[in-house]
Amino acid sequence: MTVLLRRYALGEPLSCERVTHGLLNRGYALTTTRGRFFLKHHLDGDSPAIARQHRATARLAALGLPVVPPLADTAGSTVTVTGGRCFALHPWIDGRHRYGSQLTRAECGRLGELLGRVHTALERIMPPAPASAPGPGGTGPGDRLRLPGPRRPASPTSPPALASAEPADTYALIDELLARARRRPQRDAFDELAEHRLTERRALLRRHAHRRPRPGAEPAAGWVHGDFHPLNLLYRGAEPAAIVDWDRLSVQPRAEEAVRAAAIFFVRPRGPLALPKIRSYARGYRRASGADPAELAAAVHRVWWERLNDFWMLRWRYELRDPRADAQFPAAAALAVWWTEHYDAVRDAFTA
């Protein structure tokens, strides 16, 4: 730690405490004789990609977006590699996370406007997006961990063709997860719920397999934050103070990020979405981004299909034996069912 701090000329360390939030990287609240900072340990260690993210945040901050670029060390670098590990140091931002249930309708509209501003600003500062974009963006961190299966993280500069989930692959995954859940030596209530939801989802998917999004129906692609949700947005009072964690900056269908974010911000504990708040949010996003209702309708359909076929939380539990995402599963699994039953109402909330 002392060696790292010398590279930043930030005095001597006084305390370093692990920040509990975050699934893919490690973060620390670092206090030194020169102040308080956020130290981020990038577990993937991809220095060029991290440097690209840092350049993007610096440019976004210059445009007035609530983004906090990392600090440069005495050599001018924002990426520090020591002991084979990759770190970045950021100013500490005092703020709190707010979920959709804590936002007024007007604040929901401003949240949508903020994401729309991010997308339009990224279009200004980043290289032109490739002619085709990566496949559907990950619904969670699972796609970053090289889990078994056909889906892999895509390079933002060399994307494959867009493709939606294939039902046959999902049926096979459901069978595999069911087998793993059923043979656990000490089953608990979570395993019972997982078995119920997997069986339910298989039947639901069979009824709706004909609605798989067709190639070419995806919304316009562009650079996106890639992981816009409540734990990556800090508020001071009623206003956003900082959008953090740009690790998944990439080229994706932009309107799909808007829909995915809403499905996290505005999901209720038992699965329903707060549609009146989504309506305000979506209007704000369309106003700031220029996206039209047809683009949002296409995004709603593709993200709905994505949710119907996605089980990253169960893959973490049963394939990686990592329970950190377990708490998110009940609401996410219920949402897939509720969204299917209220498909038209959800689409109208994003497009009206």
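Biologist: Is Phe329 buried or exposed?

Modeller: In this predicted model, Phe329 is buried, with a relative accessible area of 5%. Phe190 also counts as buried, at 13% relative accessibility.

Biologist: How many aromatic pairs does a search of the whole structure find, and how is such a pair read?

Modeller: A pair of aromatic rings is described by the distance of the centres and the angle of the planes. In this structure the search finds 8 aromatic pairs. One of them joins Phe190 and Phe329: the centres lie 5.5 Å apart and the planes make 45°, a tilted arrangement. Phe190 belongs to helix α5 (residues 189-208) and Phe329 to helix α10 (residues 329-341), so this pair ties together parts that are 139 residues apart in sequence.

Biologist: Why is the pair of Phe228 and Phe265 tilted?

Modeller: The planes of Phe228 and Phe265 stand at 45°, with the ring centres 6.0 Å apart, so the pair is tilted. This pair links distant parts of the chain, 37 residues apart: Phe228 sits in the loop between β6 (221-224) and β7 (233-236), whereas Phe265 sits in helix α6 (residues 254-265). Both Phe228 and Phe265 are buried. Together with Phe266 and Tyr281, Phe228 and Phe265 form one aromatic cluster.

Biologist: Which residue lies over the face of Tyr343, and which over the face of Tyr171?

Modeller: Arg211 lies over the face of Tyr343, at 4.5 Å from the ring centre. Over the face of Tyr171 lies Arg206, at 5.4 Å from the ring centre.

Biologist: Let us turn to the strands. In what order do the 5 strands of the open sheet stand?

Modeller: Strands of a sheet pair through backbone hydrogen bonds, either parallel or antiparallel. Here the order is β1-β2-β3-β5-β4, and the pairing is antiparallel. At the edges are β1 (13-19) and β4 (80-82), each of which pairs on one side only. On average, neighbouring strands of this sheet are turned by 30° against each other, direction ignored.

Biologist: Over how many bridges do β2 and β3 pair?

Modeller: Strand β2 (residues 26-32) and strand β3 (residues 35-42) pair over 7 bridges, in the antiparallel sense.

Methods:
Residues numbered from 1 in each chain as written. Predicted model: local features only at pLDDT ≥ 70, side-chain atom pairs only at ≥ 80, totals over all residues. Heavy atoms only, no water. Phe/Tyr/Trp six-rings, centres within 6.5 Å; stacked < 30°, edge-to-face > 60°. Helix = DSSP H or I, 4+ residues; strand = E, 2+ residues; numbered from the N terminus. Buried < 20%, exposed > 50% of the residue type's maximum accessible area, 1.4 Å probe, protein only. Lys NZ or Arg CZ within 6 Å of the ring centre and 35° of its normal. Pairing = 2+ DSSP bridges. Axes fitted to C-alpha atoms, helices over the stretch in contact; angles between N-to-C directions.
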